[in-house]
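Hi everyone, thanks for making time.

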Amino acid sequence: QVQLVESGGGLVQPGGSLRLSCKASGSIVSVNAMAWYRQAPGKERELVAQITSGGSTNYADSVKGRFTISRDNAKNTVHLEMNSLKPEDTAVYYCNARGVVTSAGYRMDCWGGGTLVTVSS
């Protein structure tokens, strides 16, 4: 069984910073891409940033230049550094791992339970 657990959400003022972390645990052999999505109230879930096992990244236009995604392949961990936060960044942020291969030979995509980020004065 594979689990993703996020941490680092909270309340921050506009212009502030937060760092989200997500760790994948279980009998994991490898993980292809890891990503962060977010879902604001009344809106659909959207991709924020993703990073491949080789380190290639892509970002939503709305966060380019403000957010940075990084990962530690050895620890199956992904981080999202968020700077210059805006009220419109308020959402539940979800970690996603794609192409997870387990020691039993299964291949799956996994989601974390989400962490709330609130940007407000």
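Okay, let's start with asparagine 96, which is buried, with a relative accessible area of 3%. Keep in mind that this is a predicted model. Asparagine 96 is found in strand S10.

So which residues does asparagine 96 touch, if we don't count residues up to four places away in sequence? The list is Leu4, Ala33, Met34, Ala35, Tyr37, Cys110 and Trp111. Let's pick out Cys110 from that list. A polar atom of the asparagine 96 side chain lies 3.2 Å from the backbone oxygen of cysteine 110.

Now, cysteine 110 counts as buried too, because its relative accessibility is 7% and the cut-off for buried is under 20%. For a disulfide, the two sulfur atoms have to be within 2.5 Å.

Cysteine 95 does have a partner, though: a disulfide joins it to cysteine 22, with an S to S distance of 2.1 Å. This link brings together distant parts of the chain, since cysteine 22 is in strand S3, residues 18-25, cysteine 95 is in strand S10, residues 91-102, and the two are 73 residues apart.

Arginine 45 lies over the face of tryptophan 111, at 4.7 Å from the ring centre. The charged end of arginine 45 also sits over the ring of tyrosine 94, 3.7 Å from the centre of that ring.

One last stop: tyrosine 59, which has its place in strand S7, residues 57-59. Leaving aside neighbours within four places in sequence, tyrosine 59 is in contact with Val48, Ala49, Lys64, Phe67, Thr68 and Ile69. With isoleucine 69, the side chain of tyrosine 59 reaches the backbone nitrogen at 3.0 Å. For asparagine 76, which is 17 residues along the chain from tyrosine 59, the C-alpha atoms of the two are separated by 20 Å.

Conventions
Residues are numbered from 1 along each chain as its sequence is written. This is a predicted model: local features need pLDDT of at least 70, side-chain atom pairs count only at pLDDT 80 or more; totals for chains, interfaces and linings use all residues. Side-chain values use heavy atoms; hydrogens and water are left out. Helices (H or I, at least four residues) and strands (E, at least two) are DSSP runs, numbered from the N terminus. Buried means under 20% relative accessible area, exposed over 50%, partly exposed in between (1.4 Å probe, protein chains only). A polar contact is a pair of N or O atoms within 3.5 Å; within protein, one must be able to donate a hydrogen and the other to accept it, and residues adjacent in sequence count only if both atoms are side-chain atoms. Contact means heavy atoms within 4.5 Å. A charge sits over a ring if NZ of Lys or CZ of Arg is within 6 Å of the ring centre and within 35 degrees of the ring normal.
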